[in-house]
Amino acid sequence: MAHPLPEESPRPVTPTETHVGWIGTGVMGTPMCQHLQAAHYRLTLYTRNRGKASPILAKGATWADSPRAVAEQTDVVITMVGFPRDVREVYFGEQGVLAGARPGMVLIDMTTTEPSLAQEIALAAQSRGAFAVDAPVSGGDVGARNATLSIMVGGATKAVHAIMPLLECLGRKIVHQGDAGTGQHTKLCNQIVIAGTMIGVCESLLYGYKAGLDLDRMLQSIRGGAAACWTLDNLAPRILARNFDPGFFVEHFIKDMGIALEEARRRQLTLPGLTLAHQLYEKVQTLGHGRSGTHALMLALEDLSQIDPTRPIASTSS
């Protein structure tokens, strides 16, 4: 049975009055947190590896020893961690965020996780007089660094309105999708598109390579037509440079696709394209590239096509 919304409305956030808690300083979490610092929000943070938080702490953020301590000291808590199990521990653990939640505060999970978990967090927050918002993002490390992320938001309208100034520090496209969990469902739609697109981009490069094309010149043409997309602009050049550093980890993408496939099964949907992409990415992980970027899909496709590893697909100018 759902709890009624808290009677106490959250206060609109402002840099001068709102104390923000941040949990998770990974590839995307760190630059996102730094944008809030640049906007002069007072920050308290926690992350499992304190060393990763050093750049933020050096600029004046306060360290807390647990997610609970972060919640106890702040008005709004933002989490950006890895897997659903991490989200569950951060929120529901003995030293979790919910143990320190107070009436009127807002909890924002920007991790991509299960819609049902987002709803569970929202109900638990409501029972404490607080609000929870799921706000997963898309745009990778580039979007995180440039504050141009697309943010997909689920939660109570008054909570979303209150935190909008924070979200506007992090993203360019912010859309309130509906109640708790709808942000996560929207992110899964996003990942389904990305999965199919990444296969198309990599296979295009493979075909162009075997056809003897200048791949940089080929990309100049197809980027300007109906094939134009973020992946061609941002990740195809990294593939040609043989730079597979993560903007978003393969292992996290496998997690996202797994969640989407499970949600599809619950709705009696068959998604053959996503199923294929999931299998191909599992091969990428088997090849030892689970911590590489999602564009490392090329490595699995090169392996399947028996491309000579001493002469991989690369820019002709490199």
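## A tour of helix pairs and salt bridges

Start by selecting arginine 88, which is partly exposed, with a relative accessible area of 37%. Keep in mind as you look around that this is a predicted model.

Arginine 88 and glutamate 120 form a salt bridge, and their closest N and O atoms are 2.9 Å apart. This pair links distant parts of the chain: arginine 88 belongs to helix α4 and glutamate 120 to helix α5, 32 residues apart. Glutamate 120 is also partly exposed, at a relative accessible area of 33%.

Next, widen the view to the two helices themselves. Select residues 84-92 for α4 and 115-126 for α5; the two pack at an angle of about 5°, and their axes lie 11 Å apart. Angles under 35 degrees count as roughly parallel, so α4 is roughly parallel to α5. Show the side chains where they meet: Pro84, Val87, Arg88, Tyr91 and Phe92 come from α4, while Leu117, Glu120, Ile121 and Ala124 come from α5. Of the residues in this contact, 7 are nonpolar, none is polar and 2 are charged.

From here, move to arginine 102 and aspartate 75. They form a salt bridge too, with the closest N and O atoms 4.0 Å apart.

On the α8 side, look for Met198, Ile199, Cys202, Glu203, Leu205 and Leu206; on the α14 side, for Leu297, Met298, Leu301 and Glu302. This contact divides into 8 nonpolar residues, no polar ones and 2 charged.

Two more stops remain. Are lysine 255 and aspartate 256 buried or exposed? Both are buried, and their side chains meet in a salt bridge at 2.8 Å, N to O. Finally, select Asp141, Arg145 and Arg238, which are linked in a network of salt bridges.

Key: Residues numbered from 1 in each chain as written. Predicted model: local features only at pLDDT ≥ 70, side-chain atom pairs only at ≥ 80, totals over all residues. Heavy atoms only, no water. Axes fitted to C-alpha atoms, helices over the stretch in contact; angles between N-to-C directions. Helix = DSSP H or I, 4+ residues; strand = E, 2+ residues; numbered from the N terminus. Parallel < 35°, antiparallel > 145°, perpendicular 65-115°, else oblique. Contact = heavy atoms within 4.5 Å. Nonpolar A, V, L, I, M, F, W, Y, C, P; charged D, E, K, R; others polar. Buried < 20%, exposed > 50% of the residue type's maximum accessible area, 1.4 Å probe, protein only.
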